[in-house]
Amino acid sequence: MRLSIDHQTGFRYDSPVRSSFNEARMTPLTRDGQTVWTNRITIEPTAWSFSYVDYWGTTVTTFELHEPHERLTVHAQAVVDTRADEIAWDTERRPPRNDLGWAALRDRGVIDPMTDFLAVTDRTTPPPALAAEVAAVAGQAPRLAGLDVCRIVHDHLRYKRGSTTVNSTAAEVWELGTGVCQDFTHVALGALRSIGLPARYVSGYLHPGGSAGGTVTGESHSWVEWWCGTWVSYDPTQGQRLTDRYVRVGQGRDYGDVAPLRGTYSGGESEMFVSVSMTELG
């Protein structure tokens, strides 16, 4: 699927801001299953900027402003080709022969380079009830254990906007029983790591489908990947492996590594705004 993405975000300030320093992670990645044909980021007011790839492999545009402004807008545009994961390993429950087993995943040669993706943080620590439930599915092949962990999370939580905050922890979300995609992903990350699967947070966009070539309101989205010889992608919010409606932007340990826009400024209170539109081009 070829998709055009238009993502605008930024801040409105209640009084002129004298200076600000910011990072934007809003550039899609070219990788297996995804090709970026064009991408552009514009900033208003016009700002000095440069781009680099961070430690986790995400493209970062960093910029700063040193003139009074009451509004900051970052506008990211891209055209991307996406391809679905066509192997029905989840429905057939048939792991590829080259997947690693548990003995290999517990070897120091895997644990040491994957330490960042095995560490359970305050944001992702699973509550005892969830840890016990996922431990019960860890006796099967690692890929299938990861799948069942995500299904446990998907079945327990209900998607509800506004029920959590950006700082909600996995334990709080599990007790509440509701959340948004960020929450589903954090809960799944902690549960996957608790059984010894290296897991990372992936951010991007999800086309809602059904547009037949029209422009629709898209969504910033997140999902998980766990490692069992290769990275396996799965969306615990939707309860499915990835289709060609997903566009990948960033990856890291949790949301803190992939926030689309973050920074500091000198001034009064601020209000964030976000809009995403997506057009199916073919």
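Author: Happy to! Let's start with a term: a residue is buried when its relative accessible area is under 20%, exposed when over 50%, and partly exposed in between, using a 1.4 Å probe and protein chains only. His69 has 4% relative accessibility, so this residue counts as buried.

A word on the background: residues are numbered from 1 along each chain as its sequence is written, and side-chain values use heavy atoms, leaving out hydrogens and water. The model is predicted, so local features need pLDDT of at least 70 and side-chain atom pairs count only at pLDDT 80 or more, while totals for chains, interfaces and linings use all residues.

Now, where does His69 sit? His69 belongs to strand S6, which covers residues 69-82; strands here are DSSP runs of E with at least two residues, numbered from the N terminus.

Next, look at what surrounds this residue. With a contact meaning heavy atoms within 4.5 Å, and with neighbours within four places in sequence set aside, His69 touches Tyr13, Ser15, Pro16, Val17, Ser20 and Pro45.

Finally, follow the side chain itself. The side chain of His69 comes to 2.8 Å from the backbone oxygen of Glu67.

Note on methods:
Helix = DSSP H or I, 4+ residues; strand = E, 2+ residues; numbered from the N terminus. Polar contact = N/O pair within 3.5 Å; in protein donor to acceptor, adjacent residues only side chain to side chain.
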